[in-house]
Amino acid sequence: MAEVFSAAWLARWAELINSDEGLPGRAPPGLWRIYLRIEGDSASPYVPEDEGLHVLLHLQDGRCTRLETSEGPPGPRELDFRFSGPALVFEEVAAGQRDPVDAGLEGGIEIAGDMSFLLRHAELVKEIVELYVQRLETDWPRGRPPYGGATVSAG
């Protein structure tokens, strides 16, 4: 098991994406460049309140070609989608306690990019996220959400 958001955890998620033999046949052709901005909050023991975690995910024809943290956000022309929100929300999704689609619809995770494209491929996006929710073994050495009843309100 690897600690949530660690390099080993991200590498294992990439392996899971690439181990799904059906994904390339269902994925739209081309490169998807996705940026996750995980904002530190007072609830998360994994991302300090005054910091953030920048994660880049590249999918080329349904295969993960990049999944790693970066020092900062990419330029707007270097990404197709941006998902940003409090660390607690991303951790609740990773722990299987919050549905990723609901987190987006309720405003817990802010989404920017071609929404019509995203809606057409919502099931595929959900499947990629659920790989880490359902199959990625995550270590929570500083505790697993919920953290003493902490919540993040929508919007």
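Is Arg33 buried, partly exposed or exposed? At 21% relative accessibility, Arg33 counts as partly exposed. The legends below describe close-up views of a predicted model.

**View 1. Arg33 and Asp80 form a salt bridge.** The N to O distance between the two side chains is 3.2 Å. Arg33 lies in strand S2 (residues 31-39), and Asp80 sits in the loop between S4 and strand S5 (81-86), so the pair ties together parts that are 47 residues apart in sequence. Asp80 is partly exposed, because its relative accessibility is 28%. Arg33 is partly exposed as well, at 21%.

**View 2. Arg63 and Glu21 meet in a salt bridge.** Their side chains come to 3.8 Å, N to O. Arg63 belongs to strand S4 (residues 63-70), and Glu21 to the loop between helix H1 (7-19) and helix H2 (23-26), so the bridge links parts that are 42 residues apart in sequence. Arg63 is partly exposed, with 24% relative accessibility. Glu21 is exposed, with a relative accessible area of 64%. The whole structure holds nine salt bridges.

**View 3. Arg98 pairs with Glu92 in a salt bridge.** The closest N and O atoms are 3.0 Å apart. Arg98 is buried, with a relative accessible area of 16%. Glu92 is also buried, at 11% relative accessibility. Both count as buried because the limit is under 20% relative accessible area. Shared partners extend the picture: salt bridges join Glu92, Arg98 and Glu106 into one network.

**View 4. Ser70 reaches a backbone oxygen.** Ser70 is part of strand S4. Its side chain comes to 2.6 Å from the backbone oxygen of Gly72. Neighbours within four places in sequence left aside, Ser70 touches His54 and Leu56.

**View 5. The largest pocket has a volume of about 520 Å³.** Its lining counts 24 residues, and the closest to the pocket centre are Phe83, Pro100, Ile111, Leu118 and Val125. Several elements each supply at least two lining residues: S2, strand S3 (52-60), helix H3 (87-94), helix H4 (100-105), helix H5 (115-120) and helix H6 (122-135). H6 provides the largest share, six residues. By class, the lining of this pocket has 22 nonpolar residues, one polar and one charged.

View 6. H1 and S2 are the elements that give two or more residues to the lining. H1 gives the most, with three residues. What classes make up the lining of the largest cavity? There are nine nonpolar residues, no polar and no charged ones.

**View 7. The second largest cavity has a volume of about 40 Å³.** Its lining consists of Leu23, Ala27, Pro28, Trp32, Leu59, Gly62, Leu124 and Ile128. By class, that makes seven nonpolar residues, one polar and no charged ones. How many cavities of 30 Å³ or more does a search of the whole structure find? The search finds two.

Notes: Residues are numbered from 1 along each chain as its sequence is written. This is a predicted model: local features need pLDDT of at least 70, side-chain atom pairs count only at pLDDT 80 or more; totals for chains, interfaces and linings use all residues. Side-chain values use heavy atoms; hydrogens and water are left out. A salt bridge is a side-chain nitrogen of Lys or Arg within 4 Å of a carboxyl oxygen of Asp or Glu. Helices (H or I, at least four residues) and strands (E, at least two) are DSSP runs, numbered from the N terminus. Buried means under 20% relative accessible area, exposed over 50%, partly exposed in between (1.4 Å probe, protein chains only). A polar contact is a pair of N or O atoms within 3.5 Å; within protein, one must be able to donate a hydrogen and the other to accept it, and residues adjacent in sequence count only if both atoms are side-chain atoms. Contact means heavy atoms within 4.5 Å. On a 1 Å grid over the protein atoms alone, a cavity is a set of points where a 1.4 Å probe fits but cannot get out, and a pocket is an open set with protein on both sides within 12 Å along at least five of seven lines; lining residues have an atom within 4 Å of a point. Grid points are joined across faces, edges and corners, and a volume is the space filled by probe spheres set on the points. Ala, Val, Leu, Ile, Met, Phe, Trp, Tyr, Cys and Pro count as nonpolar, Asp, Glu, Lys and Arg as charged, and the others, Gly among them, as polar.
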